[in-house]
Amino acid sequence: MSSTVNTVNNKLAKPSLPWSLWLRQIRAIFSLETRKNFLGKRAILIYLLALLPVSMLGLLALVPTPKSNNFANLSMIFAWIYAGLILRTVVFFGCAWIFMNLFRGELVDRSLHYYFLSPVRREVLVVGKYLSGVVASSVLFVGTTIVSLLLLYFPDHFSESGRFFFDGPGMSQLLTYAGVTMLACIGYGAFFLFIGLFFRNPIIPALVMYGWELINFLLPPLLKKISVIHYLNSLVPIQVSEGPFAVVAEPTPSWIAIPGLLLVTLLVLIAAGYRIRHLEIKYGSE
Amino acid sequence: MSDTEQQVEVGTDQIRNSQSAIRNSDRNSKFAIRNSDLIIFDDVSKFYGEILGVNRVNLQIGPGITSLVGPNGAGKSTLMNLMTGLLQPTRGAISILGTPTDQPEELFRKVGYCTQFDSFPRGLTGRDFIKSYLLIQGLDHKQADSLTTTALERVSLLDAADRKVAAYSKGMRQRIRLAQSLAHRPSVLILDEPLNGLDPMVRAETIALFRSLADEGMHLIISSHILHEVDMMSDFVVLVNNGYVVAEGNIHGVRDEMEEHPMQILIRCDQPGKLAAHVFAEDHVVEARVHEDHRGLFVRTRRADDFHLLLNRIVADGEVNIESIAPVDDDMNAVYQYLIGSDGGST
């Protein structure tokens with residue numbers, strides 16, 4: 001062991017422009033976290049979730065289906081699959097797993113202190129981790145959305161599907177679904193990151209949130225607006241019926257839904273930043 | 001102040017009165033140092049709900065090696081976690097070389113902390129582990145690579161740098177954490193039980209490393225259970241018990257201040273009986289006992305300095321031929337035993 005020492009401080013020049021420093025720090029945090037999100041052991045569950053609709057539709061594509069299947073119905077079938085399986089199950093639980101683990105997972109692994117012992121504003125840490133979660137969830141779940149849609153259309157109706165996507169409204173629908181999935185990742189992601197910071201056992205608040213999103217169709221119009229799913233439903237290209245007991249509310253126009261969702265996301269992230277500023281490391285009690 | 005804090009205060013008054021936080025003059029001389037060169041605890045308390053972590057801690061720590069010593073649960077790690085902002089004080093304030101602990105972006109350019117948590121981010125090699133957190137500081141890859149290599153060299157882990165940390169032995173994990181904490185060349189290095197899990201050879205090398213860092217002017221705050229190592233490497237000690245600082249300062253200075261525990265000294269000489277007769281005349285000598293081999297005298301004195309002056313006079317008079325004088329309980333182990341009431345679990 002060498003005992004030659006080049007003590008002390010600060011060969012590391014303290015940057016004078018905090019924005020430039022923060023961007024470099026966010027990039028470093030993003031890089032480390034993205035690797036964990038895609039390659040860590042915890043990613044296995046996310047891959048399984050992302051593959052769920054793809055493998056179901058892939059299997060259906062292999063099984064010969066009755067030719068009576070009307071091509072015109074496929075848009076509505078996908079709208080059901082998207083609302084029921086992709087958005088409410090895969091994206092919701094996938095985001096819950098990814099974003100809650102950004103901080104809670106590190107508390108469980110007892111490794112969060114390495115970040116806290118670095119000369120980084122804790123708010124910068126929130127941003128870096130959040131962005132890595134958004135990228136991981138978006139890549140996987142937007143991919144799931146696109147592949148699922150293509151698997152529903154192309155295997156049995158190749159030529160009609162080609163016309164639908166390249167000469168008809170298909171491409172616009174596909175991009176809209178992809179955009180809604182990405183917005184879902186952004187919105188749910190912020191909430192789950194916040195929950196992961198506040199609750200020792202985040203599963204319960206996540207389930208409460210799931211219940212709230214699930215019964216959204218029963219809620220009066222004012223309460224509907226206090227949810228993520230309401231805005232996402234307003235944006236999907238094809239609305240699905242929510243059943244005879246649903247309380248009908250006017251969909252929120254996209255020019256309100258998108259900025260509104262982004263604004264709420266920003267507010268939740270600010271609250272998360274405030275929370276992490278005061279967070280203590282007490283692994284013994286985790 | 002909460003009811004709990006008041007109860008704790010009342011309950012611990014006895015401790016504080018009987019042990020009355022010994023602060024010796026060496027430590028006090030540090031008040032001349034500027035606040036920006038000191039680690040300062042200003043009336044710091046930390047409660048975990050109703051449980052006392054530490055209470056009313058006032059400390060000023062200067063450069064050199066300062067050891068935090070105390071039994072398990074005494075509050076050593078709490079003090080370290082407070083120093084690094086991992087915990088926030090319930091009351092009081094802490095500053096590290098002039099920087100408050102709630103400003104990590106400033107604080108950790110000056111401070112490195114090697115915690116006791118034997119855990120790592122998953123899937124990283126030793127090199128990746130150190131480099132990743134250097135990049136997070138905002139360094140470019142070239143700087144980070146260079147500092148990473150230097151840190152790995154310093155803890156003799158260069159050969160194992162590209163292996164996964166998960167495959168490291170306990171001692172290697174300890175060393176890689178040490179390397180990570182000092183990679184950015186901090187001015188203050190805080191080390192929670194840094195010698196745990198190290199084999200004797202590496203222990204010696206690590207202590208030498210600490211010593212050289214201290215000689216360069218760094219502040220090293222080290223907690224340890226190994227009292228003879230504390231004795232060997234520390235410039236100052238802070239004894240913590242039940243959440244209170246019970247003594248602080250230079251080990252020998254602390255020992256000198258403990259008047260309720262007279263200092264034991266063994267004097268090797270040719271006429272122990274005659275020497276005993278001389279020393280008994282002094283009121284600060286409370287006990288004198290001839291050694292079993294009749295070639296020495298054990299003396300217990302309340303004022304070691306006065307006793308040494310007396311010996312000088314006796315030697316000058318030529319009445320007794322003195323071969324050697326050695327304090328018997330002027331070490332960390334004795335200080336620990338007297339103030340905390342056990343041997344610390346290891347010696």
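In the predicted model, the domain assignment divides chain B into domain 1 (3–256) and domain 2 (262–328). Taken over C-alpha atoms, the centres of domain 1 of chain B and domain 2 of chain B are separated by 41 Å.

The interface between the chains was examined next. In chain A, 38 residues are in contact with 43 residues of chain B. Helix 1 and helix 4 (112–116) of chain A each contribute at least two residues to the side of chain A that touches chain B. Helix 1 of chain A gives the most to this side, with eight residues. By class, the side of chain A that touches chain B comprises 17 nonpolar, eleven polar and ten charged residues.

One helix pair crosses between the chains. Helix 1 (residues 18–39) of chain A packs with helix 5 (residues 126–136) of chain B at an angle of about 145°. The axes of the two helices are 7 Å apart. From helix 1 of chain A, the residues in this contact are A:Gln25, A:Ala28, A:Ile29 and A:Leu32. They meet B:Ser132, B:Leu135 and B:Ile136 in helix 5 of chain B. Five nonpolar and two polar residues make up this contact of helix 1 of chain A with helix 5 of chain B, and no charged residues take part. A:Leu21 also lies in helix 1 of chain A. A:Leu21 counts as partly exposed because 19 C-beta neighbours lie inside 10 Å, whereas burial requires 20 or more. Along the chain, A:Leu21 and A:Val236 are 215 residues apart, and their C-alpha atoms are separated by 39 Å.

In soluble globular proteins, nonpolar side chains tend to be buried together. The largest nonpolar core in the model has 149 residues. Those with the most contacts inside this core are A:Val91, A:Phe192, A:Leu193, B:Ala179, B:Leu220 and B:Leu239. Helix 3 (residues 74–109) of chain A supplies the largest share of the core, 15 residues. Residues up to four places away in sequence aside, A:Leu193 touches A:Phe99, A:Leu102, A:Phe103, A:Tyr130, A:Gly133 and A:Ala272. Another core, of 13 residues, lies apart from the largest one. Its members include B:Met263, B:Val279, B:Ala288 and B:Phe307.

Strand 10 (residues 236–241) of chain B is mostly covered, with six of its six residues buried. In a regular strand the side chains alternate between the two faces of the sheet. Both faces of strand 10 of chain B are covered. On one side, B:Phe236, B:Val238 and B:Val240 are buried. On the other, B:Val237, B:Leu239 and B:Asn241 are buried.

Strand 10 of chain B has pairings in both senses. With strand 4 (residues 64–69) of chain B, strand 10 of chain B pairs in the parallel sense over four bridges. Here B:Val238 is the bridge partner of B:Leu68. Strand 10 of chain B and strand 11 (residues 244–249) of chain B run antiparallel and are joined by five bridges. In strand 11 of chain B, B:Glu248 stands opposite B:Val238. Strand 10 and strand 11 of chain B form a hairpin with two residues between them. In its turn, B:Asn242 has a positive phi of about 50°.

Elsewhere in chain B, B:Tyr48 is found in strand 2 (residues 39–48). B:Tyr48 counts as partly exposed because 14 C-beta neighbours lie inside 10 Å. B:Tyr48 and B:Gly92 are 44 residues apart in sequence, and 15 Å separate them C-alpha to C-alpha.

Notes: Residues numbered from 1 in each chain as written. Chains lettered and ligands numbered in written order. Predicted model: local features only at pLDDT ≥ 70, side-chain atom pairs only at ≥ 80, totals over all residues. Axes fitted to C-alpha atoms, helices over the stretch in contact; angles between N-to-C directions. Contact = placed C-beta atoms within 7 Å. Nonpolar A, V, L, I, M, F, W, Y, C, P; charged D, E, K, R; others polar. Domains from an automatic or database assignment. Core = buried A, V, L, I, M, F, W, Y, C linked by C-beta atoms within 7 Å. Buried ≥ 20, exposed ≤ 12 C-beta atoms within 10 Å, placed from the backbone. Pairing = 2+ DSSP bridges.
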